[in-house]
There are 2 protein chains.
Amino acid sequence: MGSSPLILVCNDDGVHSEGLAALAAAVQPLGDVVVVAPDRERSAVSHSLTLHRPLRVEEVGAGRHAVNGTPTDCVNLAINGILGRRPSLVLSGINKGANLGDDVTYSGTVSAAMEGTLLGVPSVAVSAVGRGSFRFDAAAAFSARLAAWVLERSLPPDTLLNVNVPAPRDGQPIRGFALTRMGRRRYGDAIVEKVDPRGKKYYWIGGEELEFVQEEGTDFHAVSQGFISVTPIHLDLTNYKSFDALKALDFAWP
Amino acid sequence: MGSSPLILVCNDDGVHSEGLAALAAAVQPLGDVVVVAPDRERSAVSHSLTLHRPLRVEEVGAGRHAVNGTPTDCVNLAINGILGRRPSLVLSGINKGANLGDDVTYSGTVSAAMEGTLLGVPSVAVSAVGRGSFRFDAAAAFSARLAAWVLERSLPPDTLLNVNVPAPRDGQPIRGFALTRMGRRRYGDAIVEKVDPRGKKYYWIGGEELEFVQEEGTDFHAVSQGFISVTPIHLDLTNYKSFDALKALDFAWP
C-alpha cells in the first residue's frame, strides 16, 4: 500500500457532494485515495488562503476529511500538514456546473488545482457542465483515465489541466475529448433597471443568460460540440507578448 | 466637458477609502472622473459578478457612487449601466497593501481592472505595498502620469497593467518604475498544529510570513529594490507553450 501513489481529492461543493464521491470512487484502483474537502459549499471563495483564523479538520469517514476553510486551505493543509506523505496527484471536483473560459479566474474548483500546482503536485480540475443534471459517471470515468495518464507522464511545470464534461443532452454520447484553449464569455451588457415599491431604482446584472464567444479551439466550443475539453492553465498571468508594445512606456520618473 | 475623456475609478477597499480619494483627485486634471466603488470593504471577493440579487447604487457625493456589490459589479454596472457614456480608462485602487505575484489571482483590486479589460476599456490596478503606512501620494502621482500615457497610447488588447508602489522605508525615495513579470510566492509550508483546551487539534496555515521567490525581473524584486512595478497581465490563462508537450495526451476515448 505505502508505495502506491497517493491521490488527494478535493472540491468546492463540500465534502458531502455527489461529484466528489464519484471522483474519489473512480480513482480508487489507481492508488491510495484521500479526500480533504471543505465542510460545506465554498464555491464563491476563489483562490484564497485562510490566514487570520485557525482551521479544524474533522474525519468524516475512512480517508475522508472535512475542513472549515476554502478549497485552497484544504489542499495546502493536506499537502503541508495532515497527509503525512506527498501526494502524486491532486484532483478537484467533480464540480456541479461548468468552469469554462474566464470563469476559471474565480472558480473554487480550479483554485484547489492551482494550489496543488503551486505546491508542485500535478493537478487536475474537473467540472460537469449542466444545470440540475450532470454527467458525473462519464466525468468520473474520464477523470480516472486522465489521472492514470498524469500519474505515468506528469504535467508540464506550473500547469494544471482544467477539464469540462458536456451536459447531458438528448441522450447523445460524449464524442471524445479535445485539448482546448480558454474561451471568453461575452459579458452581459444588459443591465436591467427596476424601481422598487418605494420608488428607488435597483439593478440586475445580465438580464439574460451570459453568453460566450463561440470560437473553434476553445473550451466552450468543444463542450458545445459534445467533446470533453481539457485546457492547460498556467499560473503566470504575465502577458510576455506585450513587453514589446510596452517598451514605449518609457517616460521619466520620478 | 462632454468631450474630455471619462475616467472610471473603482477599488475593493470601499468608496470611503483614502487610497481611492487620492487616486481620483490625482487624475482630476485628465478628464471627467467618476467613482463607482463598493459600499464597504470587499477585498476577499475576487472576480465575481453578483447575479442572484439586485444591486443598489447610492450617490454619496458629486460623481461618487456606492454599490452594494463586488468591485467587478461596480465596473460592470458603471460601464453597462449608470455612466451614460463609455469610459476611456478604468483605474482601480489605490489598494492598501501589495498585489504582487500569485496574489493577483484573488485580488479584488485587480479584478476590477480585469472587468474593465473584459469590457474592452484600458484598465490599470494600483496597489501601495506596506502595512499600516502607505505611499498614497507617490502612488497617486505615478498613476496620474501613467493614466495620461494610457489615455494617449491605449494598451495591448486583453491586457491590464498591475502597478505596485514600494512601501515607505527609511525615507528612501522611489527610484523609478520597471516593467516586470508576475513573481511567485513561496507558499508557507509551515502548518502550525495546536491543541485547544478541549484536547482537539487545530491548524494555522503559514506560521511565518509567507515568503516570495526573489528573482530579477519580477514585480517582487522591483518593489524590494525601491522601484514601482508595472506588470502587464492578460486574461487568457491558457499555457499555449504546453500544447506541444500535451500532444502525447492522445489515448482513445471513449
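Two strands count as paired here if DSSP finds at least two bridges between them. I start with that because the pairing in chain A rests on it. Strand E8 of chain A, residues 176-179, pairs with E13(A) in the parallel sense, over four bridges. Within that pairing, A:Phe177 stands opposite A:Ile228 in E13(A). Before I go on: this is a predicted model.

E7(A) pairs with E13(A) in the antiparallel sense, over six bridges. There, A:Asn162 stands opposite A:Thr231 in E13(A). So what about the cover of strand E13 of chain A, residues 227-234? The strand is mostly covered, with seven of its eight residues buried.

B:Ser229 lies in strand E13 of chain B. Is B:Ser229 buried or exposed? Its relative accessibility is 0%, so B:Ser229 counts as buried. Leaving out residues up to four places away in sequence, B:Ser229 touches B:Leu100, B:Asn162, B:Val163, B:Asn164, B:Ala178, B:Thr180, B:Asp219, B:Ala222 and B:Val223.

Next, a helix in chain A. Helix H3 of chain A runs over residues 108-118, and eleven of its eleven residues are buried. Among them are A:Val110, A:Met114, A:Glu115 and A:Leu118. Which elements cover the buried residues of H3(A)? They include strand E1 (6-10), helix H2 (71-82), strand E5 (89-96), strand E6 (123-128) and strand E7 (159-165) of chain A. E7 is also the strand that pairs with E13(A) in the antiparallel sense.

The two ends of H3(A) have a detail each. At the start, a side-chain oxygen of A:Ser107 reaches to within 3.2 Å of the backbone nitrogen of A:Thr109. Just after the helix, A:Gly120 takes a positive phi of about 85°.

Now some backbone geometry to check by eye. The peptide bond from A:Gly93 to A:Ile94 is cis, with omega near -5°. A:Ile94 lies in strand E5 of chain A. In chain B, the peptide bond from B:Gly93 to B:Ile94 is cis, with omega near -10°. B:Ile94 lies in strand E5 of chain B, residues 89-96.

A:Ser154 is not a glycine, but has a positive phi of about 65°. Where is A:Ser154? It sits in the loop between helix H4 (136-153) and E7 of chain A. With a relative accessibility of 35%, A:Ser154 counts as partly exposed. In chain B, B:Ser154 also has a positive phi of about 65° without being a glycine. B:Ser154 is in the loop between H4 and E7 of chain B, and at 34% relative accessibility B:Ser154 counts as partly exposed.

Strand E10 of chain B, residues 191-195, and E11(B) pair in the antiparallel sense over five bridges. The two strands form a hairpin with five residues between them, and B:Gly199 in the turn has a positive phi of about 85°. In E11(B), the bridge partner of B:Ile191 is B:Ile205.

The size of an interface is often given as the accessible area lost when the parts come together. Chain B and chain A bury about 7400 Å² between them, with 69% of it on carbon and sulfur atoms. On the side of chain B, B:Ile205, B:Leu237 and B:Trp253 lose the most area to chain A, together 11% of what that side buries. As a residue count, 84 residues of chain B are in contact with 84 residues of chain A.

How many salt bridges does the rule find across the interface? It finds four. A:Asp196 forms a salt bridge with B:Arg56, where the closest N and O atoms are 2.8 Å apart. For polar contacts, the count between chain B and chain A is 20 residue pairs, both residues at pLDDT 80 or more.

The elements of chain B that give two or more residues to the side touching chain A include helix H2 (71-82), helix H3 (108-118), strand E11 (201-205), strand E13 (227-234) and helix H6 (242-246). H4(B) gives the most, with seven residues. By type, that side of chain B divides into 49 nonpolar, 18 polar and 17 charged residues.

Conventions: Residues numbered from 1 in each chain as written. Chains lettered and ligands numbered in written order. Predicted model: local features only at pLDDT ≥ 70, side-chain atom pairs only at ≥ 80, totals over all residues. Heavy atoms only, no water. Contact = heavy atoms within 4.5 Å. Buried area = accessible area lost by both parts, 1.4 Å probe. Salt bridge = Lys/Arg side-chain N within 4 Å of Asp/Glu carboxyl O. Polar contact = N/O pair within 3.5 Å; in protein donor to acceptor, adjacent residues only side chain to side chain. Nonpolar A, V, L, I, M, F, W, Y, C, P; charged D, E, K, R; others polar. Buried < 20%, exposed > 50% of the residue type's maximum accessible area, 1.4 Å probe, protein only.
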